[in-house]
Amino acid sequence: MSLFLVGDQKSPAAHTSRCRGGLRPSMTSTNHNNIIVVITIQTNVKENLTENATNTTSKIPATPEGMAVAYGSLVIMALFPIFFGSFRSVKHHKEQKVLYQESGEKPETMSHKEALMFPFMASIALFGLYIFFQEYINMLLTGYFFFLGVLALSHLLSPVISSLVPAAIPNIPFHLHFKQGGPEGDVDLINYHFSSHDIVCLVCCSLVGAWYIIKKHWIANNLFGLAFAINGVELLNLNNVVTGCILLIGLFFYDVFWVFGTDVMVTVAKSFEAPIKLVFPQDLLEQGLSASNFAMLGLGDIVIPGIFIALLLPYFLGLMATILIMHLFKHAQPALLYLVPACLGAPLGVALLRGDIKALFQYEDHPAEKPDTAAEVTQDTKKDK
């Protein structure tokens, strides 16, 4: 998981060669004039080689217009998943409540312990990629994210593509049900409903995945990245504010340490060829769609703060502060260093001013029911059946 914002980076596929060289003066000649001539020739050759090397390795700086387009596009792409994922999360939350009322099964949420351990587990995974990163591991993870990206994009675009499928293709429903039997009853392993239109959507998204695998194009990368971010905001449930505070504070120190304290985060993000970040070229105006000088924003900097849906304005301000600091200091920045104070400071400040700080920390999406209430719900469910 990449949790940083960095600009003015060349594409991983754009490699430049370095040229070094020089001539050593011959000190065996006794003729002073010859020594001067040799030294003069050496100096001229070194200057020419240095100039050629500088011309070869120097990078054309991004224009102010190009940087404005790139950073503005990253801000829009960061807000897009939060905005649409929030609406989808409301629908998902209602579906979970209905399912809970029908089956009595409480939705899965992140506990305090899981939120506390998340930065440590993320650090182990990040450092493992840094230490054991090899080409075949990159290929394996690329294939893994290709599979997940196709599913995430299909889940996102299924309603849109289904509405565009010609009437000549009938919408035939299917039900994939795989269960395991045992003494205590059957356990559903796979219970999935889909239609022929969903299959058409899966094929279309697979074509996008093939485009990404073959070309590694930044547009295909962003399509998968946006799909991951929207699904993350929609499906990830913290249940209460305390869990969210623990998670954000832990990731605050995680992000600062791995970006400022080491080169691990930046190295993995630039070497890891997977749609775990959004990118936008700063030389788009000059190079078009074949541009290669990218600014980047990790998906973690979108999904984690994006869970706090009501904090859209503070998130925007924190993101703008990240871009400003990065541009001024010309160095990769841990975006959560600025996003966490913005996202936590706003609701805590408002709650303190209104005297609602206790209500804020007591709120739960899925409150734990008392044993008597839970038993009544179970009995009512059995009676309905």
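Start with Arg88. Select this residue in the predicted model. Arg88 is partly exposed, because its relative accessible area is 23%, a value between the 20% and 50% cut-offs. Arg88 sits in helix 2, which covers residues 64-103.

How close do Glu234 and Arg88 come? Their closest N and O atoms are 2.9 Å apart, and the two residues form a salt bridge. The count for this model is 1 salt bridge. Side chains of opposite charge can pair when their charged atoms come close.

Now color the two partners by helix. Glu234 belongs to helix 6, residues 218-235. Glu234 and Arg88 are 146 residues apart, so the pair links distant parts of the chain. Is Glu234 buried or exposed? Glu234 counts as buried, because its relative accessibility is 8%, under the 20% limit.

Stay on helix 6 and show helix 4, residues 135-164. Two packed helices are described by the angle between their axes and the distance between the axes. Here the axes come within 8 Å and cross at roughly 65°. The two helices are therefore roughly perpendicular to each other. The crossing of helix 4 past helix 6 is left-handed.

Last, select the residues where these helices meet. On helix 4, pick out Phe145, Phe146, Leu153 and Leu156, among others. On helix 6, the contact residues include Leu223, Phe224, Phe228 and Ile230. By class, the contact has 12 nonpolar, 3 polar and 1 charged residues.

Key:
Residues numbered from 1 in each chain as written. Predicted model: local features only at pLDDT ≥ 70, side-chain atom pairs only at ≥ 80, totals over all residues. Heavy atoms only, no water. Salt bridge = Lys/Arg side-chain N within 4 Å of Asp/Glu carboxyl O. Helix = DSSP H or I, 4+ residues; strand = E, 2+ residues; numbered from the N terminus. Buried < 20%, exposed > 50% of the residue type's maximum accessible area, 1.4 Å probe, protein only. Axes fitted to C-alpha atoms, helices over the stretch in contact; angles between N-to-C directions. Parallel < 35°, antiparallel > 145°, perpendicular 65-115°, else oblique. Left-handed = near helix turned anticlockwise from the far one by under 90°. Contact = heavy atoms within 4.5 Å. Nonpolar A, V, L, I, M, F, W, Y, C, P; charged D, E, K, R; others polar.
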